[in-house]
Amino acid sequence: MTRVELSRRSFLGHVFSAGALVLGTPLAPREAQGADGKWQPSVYLGIEPDGTVILVAHRSEMGTGIRTVLPMVAADELEADWKRVRIEQAIGDVKYGDQSTDGSYSIREFYQPFREAGATARSMLEHAAAAKWGAPPAECRARNHRVVHEKSGRSLGFGELVSLAAQQPVPGKDAIRLKSADEFRYIGKGVPMTDLDDLCSGRGQFGIDAKMPGMVYASIERSPVLGGKLRSYDDSEARKVAGVRQTVTIDPFKPPHEFQALGGVAVIADNTWAAMQGRRKLKVEWDPGEHAIYESEAYKRSLFETAHKPQKVVRNIGDVDAEFAKGGKILEADYYVPLLAHASMEPPAAVAEFKNGKVITWANTQNPQAVQQTVANAVGIDKNDVTCHVTLLGGAFGRKSKPDYVAEAAILSKKVGKPVKVTWSREEDIRFDYYHAVAAMYMKAALGRNGRPVAWLQRSVFPPIGSTFNASETYGDAGEMTMGWVDTPFDVANLRAENGPAQHHVRIGWLRSVANIYHAFAVQSFADELAHAAGADPVEYLLGLIGAPRKIDPQPQGIKYENYGRSLGDYPIDTARLRRVVELAAERSGWGKKKPGAGHGLGIAVHRSFLTFVAVVVEVEVDKGQIRIPRVDMALDAGRVVHPDRVKAQLEGAAVFGTSIARFGEITATDGRIKQSNYGDYPVARIHEAPYETRVHIVESDALPAGVGEPGVPPMAPAITNAIFAATGQRIRELPVKNHKLA
Amino acid sequence: MVPMWTLVRGQRGAHAATGGTDMVQLTVNGKTEQYEGDPQMPLLWYLRDLLDLTGTKYGCGMGICGACTVHINGAATRSCVTTLSDAAGKRITTIEGLAANADHPVQNAWKAVSVPQCGYCQSGQIMQAVALLREKPKPTDHEIDEAMQGNICRCGTYQRIRQAIQMAARVKA
């Protein structure tokens with residue numbers, strides 16, 4: 001840590017007033033980190049002379065509670081009174097370290113630095129009081145926003161100590177004392193969400209709510225096919241709409257599309273409604289280009305053609321071919337998960353002003369530093385001349401990691417000379433998403449005498465996220481392979497995982513839990529199929545497949561295992577922990593107590609993702625073809641849990657998100673055009689379709705904290721279809737369930 | 001049984017006719033407002049863009065997600081498919097006008113249960129729940145599901161929404 005002089009307010013922007021004690025650790029951003037994946041985040045904390053503790057939330061709030069929870073961690077170590085903490089949202093700036101709020105990273109990467117920041121400030125306050133009283137520092141202890149000297153009964157508030165504390169040398173990491181777990185005031189217990197009142201009163205400010213003085217509103221018509229070029233347009237009717245000012249074109253992107261604006265024709269108007277009405281009146285002709293060949297049914301067939309042939313080996317144990325050649329009981333199955341859209345309730349939205357070669361924007365972004373770079377590229381300025389304010393995000397799920405819509409606002413502002421607000425309609429959001437990849441999986445196993453597999457082959461084919469950054473990329477990268485494919489945690493003597501190529505025809509991107517979704521669906525469905533083929537109880541069988549407690553290192557058997565950027569030493573693939581969540585979910589769900597069948601059944605699935613172990617038991621009722629999910633039991637081992645209620649909330653939400661994927665999620669294309677457009681034809685689970693009750697069972701652990709936002713999603717879909725099988729005998733291998741007629 | 005949410009008011013198909021200008025008078029959160037412009041503009045955009053009442057959210061533009069729910073003469077209504085001509089002369093209440101200190105029993109229950117995740121849909125959820133409790137002060141879980149199924153929450157807070165409505169019902173009773 002370095003001491004920041006009191007006068008250097010510019011260092012921290014507008015957040016602190018003069019005279020504040022400010023601590024900062026300006027370290028390298030993620031892009032500057034070494035190849036070993038290690039990186040040092042930064043933390044900012046300040047105390048005002050009136051005692052107000054200001055904590056900077058540098059991650060984006062999209063519903064996880066992170067805007068509260070990380071500051072809470074620092075406040076705990078600081079011994080701050082939560083009622084006297086103010087949270088300020090950071091703008092995009094490399095000085096904060098990584099701000100890309102994705103990958104369930106925030107707690108696991110910033111828990112320790114936030115503790116250290118709080119403990120450092122506490123130490124300096126204690127030393128300041130000791131100096132003032134002439135007492136040994138060890139006798140001066142911070143307690144609930146004051147430093148207390150018990151022997152003499154003296155105490156001073158944090159605010160009174162600010163100027164003196166700022167003069168103290170900054171202790172090194174070795175000199176600070178972190179609290180022991182029994183001293184935690186908030187960690188492991190929780191505090192109310194800082195935005196709770198605002199979110200219940202309509203005062204929360206989301207991207208769609210952002211306004212700048214003098215701004216105009218834009219609605220953009222884009223090519224219905226990815227990469228289509230504008231042939232001609234007629235805006236005469238659009239300009240007759242009351243409130244419409246003008247139309248402006250945005251140049252098409254140059255491949256690869258990355259986060260660039262797609263291009264199109266924008267209608268600029270006095271309000272959102274007029275802009276949207278004007279856009280409807282545009283007559284635009286497109287040259288659709290190469291992706292007009294995209295047709296979902298034919299594409300699915302081509303994925304399975306690839307999946308049925310040998311492909312690139314990404315992990316190999318033993319020799320599956322030799323085992324298959326022996327004959328015996330062989331099972332094969334095809335699994336399919338279609339394209340999925342994010343469909344967050346708040347569509348992409350941003351307001352931007354280009355003025356004097358600089359851009360100021362307010363955006364609902366997961367990644368304000370990517371906004372800086374993307375906007376800078378789009379309007380030809382330096383990224384340091386882009387100021388990105390981060391609003392609340394009305395859901396994001398990975399969509400708002402890609403700031404194409406912010407680039408649109410900046411480009412339009414440069415062209416019209418005013419601040420421009422871009423609000424995507426729901427139809428645009430569904431039709432121009434960065435979709436979760438469609439995937440085909442082929443699975444094959446040979447069962448031994450005891451019904452357990454002696455050989456296991458798995459092959460996945462999907463258009464990779466890499467195609468967003470390199471238009472010719474067709475194979476999954478190490479990250480996608482890490483996500484539930486090269487780490488299949490089964491004790492099988494012969495096991496091979498493969499990945500085949502697929503060409504993209506739409507923009508492919510991250511969606512909550514990413515490649516784990518389709519990989520877990522195939523692996524956990526197939527495990528259930530083998531259990532039934534062996535005449536075994538699915539939970540017993542699953543535990544047998546996982547095998548004895550051990551730590552798995554898949555790397556020597558295949559390609560690079562990324563382990564979500566962390567070492568296997570810190571975050572092992574620990575089958576003991578995997579078994580424990582299976583056993584816990586099964587026990588709490590009452591597994592085995594009621595005979596399945598006659599429209600009632602339980603399904604189990606387990607998956608490790610984002611370094612967290614989650615097992616799910618789903619209870620399903622099927623009556624006259626109608627599905628009900630009365631109960632979900634989710635057991636989670638995410639290491640140390642910092643805010644139990646928000647962890648529960650994330651898993652309750654993941655149960656619903658996973659239910660939407662399983663039951664309804666399907667985006668399809670014809671002639672390269674997405675067919676769906678709104679919640680009518682792209683349904684997501686409503687209150688009566690979601691699990692009636694999700695019970696979350698948290699494994700107590702003092703292991704390093706792991707991810708929470710995403711890991712609840714992957715096991716949901718297979719647990720649901722496994723439960724449907726238990727209830728009806730119908731095996732669903734292609735999602736979504738809504739396309740299948742249930743008995 | 002027809003779910004209650006399909007009965008919420010709102011006009012569809014009015015989008016075709018635009019261009020005219022009308023004078024519309026309406027009451028928003030107790031204040032009389034005058035609007036001069038396209039009478040086909042949905043109430044949603046009038047509230048958000050012209051009156052700066054941004055607590056009411058856009059979600060779908062066709063009355064199927066519930067994020068834009070307000071009260072018109074006390075009834076839960078989708079403001080994204082309610083034109084200003086339909087709203088003329090009516091009494092509109094938005095989330096901002098529900099209770100002076102945002103302390104309506106339903107809002108208090110929402111906070112006590114910590115319902116919101118991202119929070120974007122919650123204005124609409126709360127307005128719908130308030131209307132439900134006016135009609136059915138002691139709803140069953142089934143009645144809650146019927147009344148609330150027009151309001152999507154993509155974060156998946158439904159379980160807590162049900163809990164909060166039951167809590168508010170206990171408090172109000």
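Leaving aside neighbours within four places in sequence, which residues is Lys402(A) in contact with?

## Lys402 and its surroundings

The partners of Lys402(A) are Phe259(A), Tyr434(A) and Gly509(A), where contact means that C-beta atoms placed from the backbone lie within 7 Å. This is a predicted model, in which local features need pLDDT of at least 70, side-chain atom pairs count only at pLDDT 80 or more, and totals for chains, interfaces and linings use all residues. Residues are numbered from 1 along each chain as its sequence is written, while chains are lettered from A and ligands numbered from 1 in the order written.

You will find Lys402(A) in the loop between β18 (386-390) and α9 (404-416) of chain A; helices (H or I, at least four residues) and strands (E, at least two) are DSSP runs numbered from the N terminus. Lys402(A) is buried, because 26 other C-beta atoms lie within 10 Å (20 or more means buried, 12 or fewer exposed, and in between partly exposed).

## The nonpolar core

The largest nonpolar core has 285 residues, of which Ala410(A), Val581(A), Ala585(A) and Val616(A) touch the most other members. Helix α12 (residues 516-533) of chain A gives the most to this core, with ten residues. Such a core is a set of buried Ala, Val, Leu, Ile, Met, Phe, Trp, Tyr and Cys residues joined through C-beta atoms within 7 Å.

Not counting residues up to four places away in sequence, Val616(A) touches several residues, including Ala585(A), Met634(A) and Pro715(A).

## Where the chains meet

Chain A brings 49 residues to the contact and chain B brings 48.

Methods. Two residues are in contact if their C-beta atoms, placed from the backbone, lie within 7 Å.
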